Amino acid sequence: MPHILIVEDETIIRSALRRLLERNQYQVSEAGSVQEAQERFSIPTFDLIVSDLRLPGAPGTELIKLGQGTPVLIMTSYASLRSAVDSMKMGAVDYIAKPFDHDEMLQAVARILRDRQSAPAAGEVVAGKTANGNGKSAADNSNGEIGIIGSCPPMQDLYGKIRKVAPTDSNVLIQGESGTGKELVARALHNLSKRAKAPMISVNCAAIPESLIESELFGHEKGAFTGASAGRAGLVEAADGGTLFLDEIGELPLEAQARLLRVLQEGEIRRVGSVQSQKVDVRLIAATHRDLKSLAKIGQFREDLYYRLHVIALKLPALRERGADVNEIANAFLARQSARINRTDLKFAADAEQAIRHYSWPGNVRELENAVERAVILSESPEISADLLGIDIELGDLEDDEFIGLPAQPSGNASNSSHEPTEDLSLEDYFQHFVLEHQDHMTETELARKLGVSRKCLWERRQRLGIPRRKTGVASES
C-alpha cells in the first residue's frame with residue numbers, strides 16, 4: 001500500500017485530504033510544517049509527498065531536497081500559480097490548484113505513483129494511457145512513443161500526424177469532445193518535440209476566473225490593478241523555451257485573445273500594466289470541444305487568432321467511434337482499479353463487455369473511467385456485471401433480455417434458416433441483420449417491439465447504421 005505524507009498547516013484541509021486518501025486505500029501520515037515532518041518522519045521513505053506551497057517556516061519546496069527523489073506534489077491557490085510553476089522548475093513533480101475537487105486529487109496521486117513505479121523518469125498517465133517523460137510508453141505497444149492505448153484506424157491516422165507534427169514548431173489545434181484525452185495528445189506532441197526537456201505548461205482557460213486570466217497568462221506589474229502589490233511573471237513566460245498548452249481555448253475572453261495573438265505574431269508579451277514588451281519563445285498547442293470557426297463568424301472568437309491556431313488541426317475521435325479500443329481502455333482501467341484495492345481476480349462478465357462496447361459513452365474516456373471505478377468498488381464477485389457499470393444503455397441496448405438472447409423468429413413469414421443470426425454477431429450486426437430480414441413484412445412498431453426498443457430508438461439506429469426504411473411491402477401505420 002503506497003505511503004503518502006501530507007504537509008499542510010490548515011487542519012481542516014489536512015484532515016479532509018487524509019480521509020480522502022485513506023478511503024482510496026492509501027496509507028497516510030501528516031505534518032503541519034516542514035520542520036515537524038523532519039522531526040517525526042524519515043522523509044525519503046515515503047512514496048509521495050503532498051505539500052502546501054506556503055507553510056510556517058520553510059516552504060513546501062524544501063521537501064523536494066529533503067525527499068531525496070521522492071516525488072512532491074505541490075498544492076497552491078491560483079493567486080500563487082506562478083510560484084507553483086517555479087516549484088516545478090525546482091523539481092516538484094506537479095502542482096494542483098486549490099480548491100481542488102476529489103477526483104482531480106485522486107487522479108494526480110494515482111498518476112504520480114504509477115509513473116514512479118513504471119519508470120525512473122517522470123511520466124504521465126491520463127485516461128488509461130501511459131507515457132514517460134522521454135516519450136516512451138510504459139506498455140509495450142505499437143504506438144509506444146505516443147503513449148496512447150488503441151489501434152483503430154482513426155487513432156492510427158492520428159499517431160501518424162503526431163509523429164510528423166511533433167518535431168516542428170508549428171501551432172497545433174486539437175479538436176475533440178470533452179473527455180477524449182486532448183491533453184494527452186498535447187503531451188505526446190511535447191514529448192516528441194525538440195522542446196521535450198523544457199517545461200510544458202498546461203492551462204485550462206475555462207477554470208480560471210475571467211478577471212484573472214490575463215494576469216495569469218501574461219503577468220502584471222506592481223499597481224496594475226487593485227491587489228497587485230508586486231510584479232509577477234505569467235504562465236506564458238514560464239513556458240519560455242517550451243510548450244504552452246491552452247485547453248478549452250474557446251472560453252478565452254476576447255481581450256486575452258488579442259494579447260495571445262501578439263505572442264503568436266511577434267513572439268513577445270507585454271505584462272498587464274506595462275509599457276514594455278519582452279521576447280518569448282513558446283510553441284502553442286490549443287484544444288477545444290467547440291467549433292471555433294462558427295464562433296468566429298458570430299464574433300465570439302477572433303477570426304485572425306483562429307487562422308493562427310489552425311496551422312495544424314488534429315481531430316481526436318470520440319470513444320464511440322473507436323470500435324474495440326473501448327474494451328482495451330476499459331481493461332486498462334480495470335487493472336488499475338484492481339491494483340488499488342489489491343484484487344487480482346476481477347474481470348468483466350460477457351454482458352459487461354457487450355455493454356462497454358456498444359454504449360455511446362457521451363462523456364468519453366472520463367465517463368468510462370468513472371464507470372469502471374464504480375463497478376470495481378461495488379463488485380462482490382470476481383465477475384463484474386453490466387448493471388454495476390451504472391450506464392443507461394439504449395437498444396434495449398442490452399437491458400432487454402429478449403434482445404440479448406437473440407429473439408426467436410416471428411411467426412408468419414419464417415426466415416430462411418441459412419440467414420439465421422448466430423451468437424457471435426455483435427449487437428449492431430444483429431440489429432442490422434434482423435431489420436433487413438424482417439422489414440418487408442413487419443411494421444416499424446412490430447420491429448421495435450421484437451427488438452425490445454422504442455420506435456424512436458429504432459429510427460435513430462437506422463440513421464446511424466445507414467439502413468433506410470422501406471416504403472413498400474408493409475401496410476401503412478397510423
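In this predicted model, the side chains of E214 and R259 form a salt bridge, with N and O 2.6 Å apart. E214 belongs to helix α8 (residues 210-218) and R259 to helix α10 (residues 254-266), so the contact ties together parts that are 45 residues apart in sequence. E214 is partly exposed, at 22% relative accessibility, and R259 is partly exposed as well, at 26%.

A salt bridge also joins R336 and E369, at 3.0 Å from N to O. This pair links distant parts of the chain, with R336 in helix α13 (residues 325-340) and E369 in helix α15 (residues 364-378), 33 residues apart. Buried means under 20% relative accessible area; R336, at 13%, is therefore buried, and E369, at 10%, is buried too. The whole structure holds 21 salt bridges. Among them is the one between R343 and D345, whose closest N and O atoms are 3.3 Å apart. Salt bridges with shared partners also join R14, R18, E22 and E30 into one network.

Turning to the strands, five of them make an open sheet with parallel pairing, in the order β9-β10-β13-β8-β14. At its edges are β9 (200-204) and β14 (312-315), each of which pairs on one side only. Within the sheet, β10 (residues 243-247) and β13 (residues 283-288) pair over four bridges, and T243 stands opposite R283 in β13.

Finally, helix α18 (residues 444-451) has E444, L447, A448 and L451 as its buried residues. Viewed down the axis of α18, these residues fall within an arc of 95°, so they line one face of the helix. An α-helix has 3.6 residues a turn, so residues three or four places apart point the same way.

Notes. Residues numbered from 1 in each chain as written. Predicted model: local features only at pLDDT ≥ 70, side-chain atom pairs only at ≥ 80, totals over all residues. Heavy atoms only, no water. Buried < 20%, exposed > 50% of the residue type's maximum accessible area, 1.4 Å probe, protein only. Helix = DSSP H or I, 4+ residues; strand = E, 2+ residues; numbered from the N terminus. Arc of directions from axis to C-beta. Pairing = 2+ DSSP bridges. Salt bridge = Lys/Arg side-chain N within 4 Å of Asp/Glu carboxyl O.
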